[in-house]
Amino acid sequence: MAADTVAKKKNPNDPFRKYDLTLAEKLYLPAISKGMAVTLSHFFQKKVTMQYPEEKPEVSHRWRGRHVLKRDEYGRERCVGCQMCELACPADAITIQAGEVPPERRHLHTTERYAVIYELDMLRCIYCGLCEEACPEAAIYLTPFYEFVEDSREKLIYTKEMLTEKTGGPIFYKD
Amino acid sequence: MLKQVIDKEIADQQQLQEQELYDLNLGPSHPAMHGIFENRVKIDGERIIECESHIGYCHRSFEKLSEHYSYTQVNTITDRMNYVSSMANNIGWILAAEKLLGIEVPKKVQYVRVIMLEINRIIDHLICNGILGVDAGAYTGFLYFMEAREKVYTIFDKMVGARLTTNFGRVGGLDRPLYPEFADDVLNWVKVIPKVLKEFHTLLTRNRIFIERCRDITPISAERALDYGYTGPNLRAAGVEYDVRKADPFSSYEDFDFEIPTGTTGDVYDRYMVRMEEMEQSVKIIEQAAKNLPDGPHHADVPEIYLPEKKDVYSNMEAMIYHFKIIMHGIRPPKGEVYQAIEAPNGELGFYCVSDGGPNPYRLHFRSPCFYYYQSIEELLRGSLIADAVLCISSLNAIAGELER
Ligand code: SF4
Ligand code: SF4
């Protein structure tokens, strides 16, 4: 390997050579002025930083942010409380208590079973999207909303009322 | 008992004072440390006489946790290992699980994995070399690198919907179809990388201050590196041409044409150069893969392992049954054990998985490259200066999240 090292050192174009500096390199100044030129050129280029609260980054429609529980065309809750999302969740962020729909509320649900309690702890959630994949009823989706700011932990445990959207629509396919 | 300990401590202190040595804690949380490492060093002036490394400040028991997770859920914890290049870990785990299940994925999936792995290699090396510059006193290059990194995150965002914790890929394929402009986006991004690298070369590579700061700092011989179990760029910097991509090609790496750069002395400068050269090679691989990206499905034809499409789940009885079966019953590989290694940006990242036929891995071990680098810190730092110690740790690219799992 020693002979190899020497051969490498002698080749002036070898980027790995580090022992023999040329005279220009020994003088510091050319390297520094070249470096300064790079910095200066950046000085006049378009700025890439973003002034965050005023300017917001655009995220794609696939973004995994705040969850939403969907309703169908008739405004009924799609979620049937099957607890598959709870099972799929690696962070145990979802708590569901399922129950039978009382007769007077039957028009609000698609089946006799529904989630009496549906709580999602936004601080536990890791936004992996596995609940969305697991749901067999097209009920839960992750949306591109990403700004969660509250002044207490309790406020970030979202209940069913906070998660369910107000109006419904046809089945939403997220590609 | 306690008295003995205290006495010993006092005696040690006295001995230290006689030798005029000074005890210093580099870390666990020190502004110059990259991650939560603790290094207790004994210094004589500026020179480190002895070093004692401690780990365990960032331990999150991933291996135990994964014994309670399904094969899909384990993917989410691999994100959090080397958080600088999370997709590389995802790919490694998915490949291990696929090997256990004996799944052959389509060429398209393999190519996309190669592209993502190489992109992650580039962004990992960008951070590593950028930080090395910062530690050597050159802050500017780091910011220019950050810009390139930021741009690739928009690709990640469009592809999987997250920037850092990607959760990319599923056992048997990709997590979802590719978005249409994927190949163009990748090619556009990779086009600017040589320019960014050239700028960085201008700023640092032949700058005498940087060279003198880095050359012959904490060198390691090839033999010692192998003894410690080095892999990846740090081993190649010591002059051993070992790369899992060539030695044991996975995910169609044999289709691509690239070279393995090697250094000679294994010092900080060689590690830096190897990383810089590797990025150029990665650019080559990405261009080849993105230009020849085959058409085809985004997953293998394994209905009992890969979740069916949502459209089918709501309309087709068979798909519905498979959907329920996979979620409720889990993916159940046959009994057996498997080791799958990939060339992660940091070195050989291995997954050793034992299955007992259940829905969770019976035992899962991550072979993380940093762990092996970090063992050698004590030897490397002995006799060097404090300022060099920081350079050494950042050039080894030890990442606390990966080191301690
Ligand atoms: S996104 Fe992941 S962590 Fe969050 S609730 Fe869904 S499954 Fe759980
Ligand atoms: S959100 Fe979907 S998976 Fe979760 S309980 Fe409701 S229907 Fe089931």
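Around ligand 1 sit 13 residues, with Cys89(A), Ala91(A), Cys125(A), Cys128(A) and Cys131(A) coming nearest (a residue is near if its C-beta atom, placed from the backbone, lies within 6 Å). This is a predicted model, where local features need pLDDT of at least 70 and side-chain atom pairs count only at pLDDT 80 or more, while totals for chains, interfaces and linings use all residues. Residues are numbered from 1 along each chain as its sequence is written, with chains lettered from A and ligands numbered from 1 in the order in which they are written. By class, the shell holds 12 nonpolar residues, one polar and no charged ones (Ala, Val, Leu, Ile, Met, Phe, Trp, Tyr, Cys and Pro count as nonpolar, Asp, Glu, Lys and Arg as charged, the others, Gly among them, as polar).

Cys131(A) turns up again in the largest nonpolar core, a set of 139 residues in which Cys131(A) and Cys85(A) are among those touching the most other members. Such a core joins buried Ala, Val, Leu, Ile, Met, Phe, Trp, Tyr and Cys residues through C-beta atoms within 7 Å, buried meaning 20 or more other C-beta atoms within 10 Å. Helix H5 of chain B (residues 107-136) gives the largest share of this core, 16 residues; helices are DSSP runs (H or I) of at least four residues, numbered from the N terminus.

Over in helix H7 of chain B (residues 182-205) lies Val192(B). Val192(B) counts as partly exposed because 13 C-beta neighbours fall inside 10 Å, with exposed meaning 12 or fewer. Its C-alpha is 9.8 Å from that of Val283(B), 91 residues away in sequence.

Notes. Helix = DSSP H or I, 4+ residues; strand = E, 2+ residues; numbered from the N terminus.
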